[in-house]
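Try each task before you read its solution.

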Amino acid sequence: MADTQNNAGADIHAPPSEYYSGPLALRSAGINRSRSRNYQRLHTSGDDSQNGTNALRRRGSIDDKTCHPRRFLIDIATIERAILEQEDTNGDYQITIEDSGPKVLKVPTAGSNGNRTMEIRGTYMLSNLLQEMALAKDCGLRQVVIDEDRLSENPVNRLSRMIRTTFWNGLVRCMDEAGIQKICADPKNTKPGAQPIIYVPYGDPAALEYYRGVARDLAALNIKVVRLPRDITPQYVKSINDQFGILTLAADVTYDAGGRLVYKPLPFVVPGGRFNEQYGWDSYFEALGLLADGRVQLAKNMVDNFVYEIKHYGKILNANRSYYLTRSQPPFLTDMALKVYDALSDPHRDEWLRGALSAAITEYHSVWTCAPRLDPTTGLSCYHPTGIGMPPETESTHFDHIVAPYAERLGIEVSEFKRLYAADAIHEPELDAYFVHDRAVRESGHDTTYRLERRCASLATVDLNCLLYRYEADLASAIDLHFGGSMTTTDGCVSTSDEWRKRAEARRLAMDRYLWNESKGLYFDYDVELGEQSAYESVTALWALWAGCASQEQAVRLVDAACRRFEAAGGLVSGTEESRGRISLLRPNRQWDYPYGWAPHQMLAWCGLYAYGYASVARRLAYRWLFTITRAFVDFNGVVPEKFDVVGMTHRFQVEYGNVGVDFKMVPREGFGWMNASYQVGLTYLTSHMRRALGALTEPEVFFERAGWSTDASASHTPASTPMPVPVFAMADARRLRGWATPLHCALEAALSPTNNRGYFDMPLTAATATGGEDDPRTPASPGSSDSTADEGSIHESTKGLV
């Protein structure tokens, strides 16, 4: 294995696998001799010939400049030890603004063969040096040459590049023989010495044959393969609560000339951290990021996995683990499939789409619009999984405070009560109801929040019904556009666009009646048991814009109310502080409440706002969110966490479940799935001026003031001045939804025609076009130029909903 690299002439910003590659070209007697002498100086602070002192200085405001690109000659073990000893003062193997080191390190230069040193200064460059050394070690190197420009790279470009070339790869899993050990690992399974279990659906004999062969070939792993029953009942799922296992997903299945099985499981993306399986709604947002970065096959695989889950497990699962068999998550399959379809060049893509839409129709009827999730009185749907008892994947003490009063009443220990309750030896209807609602909260994806606590299964939520409206609208338009108004599903049934239009309209009317609050200008969840609206103000009200079910009159009220209530310094907050209520030791904060912000809420809001004529609001919110991510990335060693406190603009907080993505050594290798996606997609909303300001870490309020950017909730333009840059997917959405014949989609179709500008999927998905950079032909002039009106513009305020 090579222990050094020759990257002369290489792209300075190439992926690590390319940048840290090449022949063994740096080993020479001169380099080895000088390296020994210069690295010794690192421990005595080196010599400072500029000012005659040996003391290290904190970084100054003016750095030395040179007309020649600098390259550093790095002995990884030596420099890594030096930087950690000197700069990592809190011992977490990261260089952050919380460390109190001098933030200056002398490093030998490659141009001098290591005879001279130059200073690397500041948290950002030093943390980048630490990261680059870790990435070089991954490539098998012990000594390396690193360009200074790679360490000082614009943070927006660096983060986007790392997502595209490193983070997505770090999140890929595959259930083949090579990857089965990694995917079987379940951080949520705390049972000592737990045996890896692979559960195979009853109706997939090829998978059963393959995984039995894997278990035989990898006997040292002691894998157990279990065939699920034909009918997967809640009682059966409860019976395997103590036997955690992974559920199989889709594969390419063929047979060779000799009749032998050729089984190739499909790679997919996981959220990251302790979430080491394919999740339901996470996958939708991850797919948007993958598509924006040109990773079309991975996004397609994830749709194929969902189709497999519907066929074999009856629903899109919370995730493919055994304890999720009775639980789904927010449904996004139609839009996910259609966006993948738009990116495919496969001549058989129409049949692929038929299969995906057929699965969505099955899921719609058998999961979301039947008991127990459908409320027959309102015609609206609720989250209501069918699992029994305590969710087994939680920490062992998670429900102790809930169970304690019941145990005390019986005079037994909490542990004994939980054992008896799980064995059905104790019956507590009130506790049963609590766990129905708790499981429903988890199915909603918003686990947990005071908005849903102890009532979720009784709430017709805004978010779920917006998603089902979008299913109905997507199916109507897709069947019209791709199947001539009538589609025969894979099970032989005929489905027409007219029937889906009628369902969409019926749901829109029900949402107007039960969820819309005219006096407040917001949508609210509706309690079907109490027959009244919830009072909790949630940012999910904006999902109505993404779904397209709000009228333009409602949109005007909604955007104004939402900006006043939910717009925070760092993006959209999940709910209002007033709705959350007072926090105390006995009533701790919940991670989906104020002051926390999440990527799904941002992304759906941007899309909906742009669609309804509020491009300047969408861009403003995108800038806030991307600034929050970028600043954390710069100040905290490249971190990309699961969520943020968008009021305090920090990822450093204590809340239930912690913050996934912050615990790493040296270099982040995954980020977090939907955060990665939000960054890549969010960049396509920014003008070139905004992107430059973001790279300079210009505070949102400072940028908005200096740029004269609108900070109100008004719509911004007419169809004659369609806003540029057009965000990723806007063109695809316009084409798909033109069947609704709304002013919005007609305007986009005209503005983005081949004689005008082109949409994302009309041009190659290169690095520049995927991130909306200044080389992107769709990026406009900055605000203040002759094009500045178009920069901040948006679609005409007369636009109505999608129906």
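**Exercise 1. Find the strand order of the open three-stranded sheet, and say which strands stand at its edges.**

Step 1. Strands are DSSP runs of E, at least two residues long, and helices are runs of H or I, at least four long; both are numbered from the N terminus. Two strands pair if DSSP finds at least two bridges between them.

Step 2. Read the order: 7-6-8, with parallel pairing.

Step 3. Strand 7 (224–227) and strand 8 (246–247) each have a single partner strand, so they stand at the edges, and one side of each lacks a neighbour in the sheet.

Step 4. Check one pairing. Strand 6 (residues 197–200) and strand 8 run parallel and are joined by two bridges. In one of the strand 8 pairings, I198 has I246 as its bridge partner.

Step 5. Helix 8 (residues 205–217) lies across strand 6 and strand 7, at about 165 degrees to strand 7. Such angles are taken between N-to-C directions, from 0 to 180 degrees, with axes fitted to C-alpha atoms (for helices, over the stretch in contact).

**Exercise 2. Decide how helix 4 and helix 23 are oriented to each other.**

Step 1. The axes of helix 4 (residues 122–138) and helix 23 (residues 615–635) come within 8 Å and cross at roughly 70 degrees.

Step 2. Therefore helix 4 is roughly perpendicular to helix 23. The classes are: under 35 degrees roughly parallel, over 145 roughly antiparallel, 65 to 115 roughly perpendicular, the rest oblique.

Step 3. Name the residues that meet: T123, Y124 and S127 in helix 4, and F633, V634 and D635 in helix 23. Contact means heavy atoms within 4.5 Å.

**Exercise 3. Is D635 buried or exposed, and what does D635 touch?**

Step 1. D635 lies in helix 23.

Step 2. Its relative accessible area is 18%, so D635 is buried. The cut-offs are under 20% for buried, over 50% for exposed and partly exposed in between (1.4 Å probe, protein chains only).

Step 3. Beyond its neighbours within four places in sequence, D635 contacts I95, T96, I97 and T123. T96 is 539 residues away along the chain, yet the two C-alpha atoms are separated by 5.5 Å.

**Exercise 4. Which stretches have pLDDT under 50?**

Step 1. This is a predicted model: local features need pLDDT of at least 70, side-chain atom pairs count only at 80 or more, and totals for chains, interfaces and linings use all residues. Residues are numbered from 1 along each chain as its sequence is written, and side-chain values use heavy atoms, without hydrogens and water.

Step 2. pLDDT is the predictor's confidence in each residue, from 0 to 100. The chain averages 87, and 84% of the residues score at least 70.

Step 3. The stretches are residues 739–749 and residues 751–803. Where pLDDT is low, the predicted coordinates should not be read in detail.
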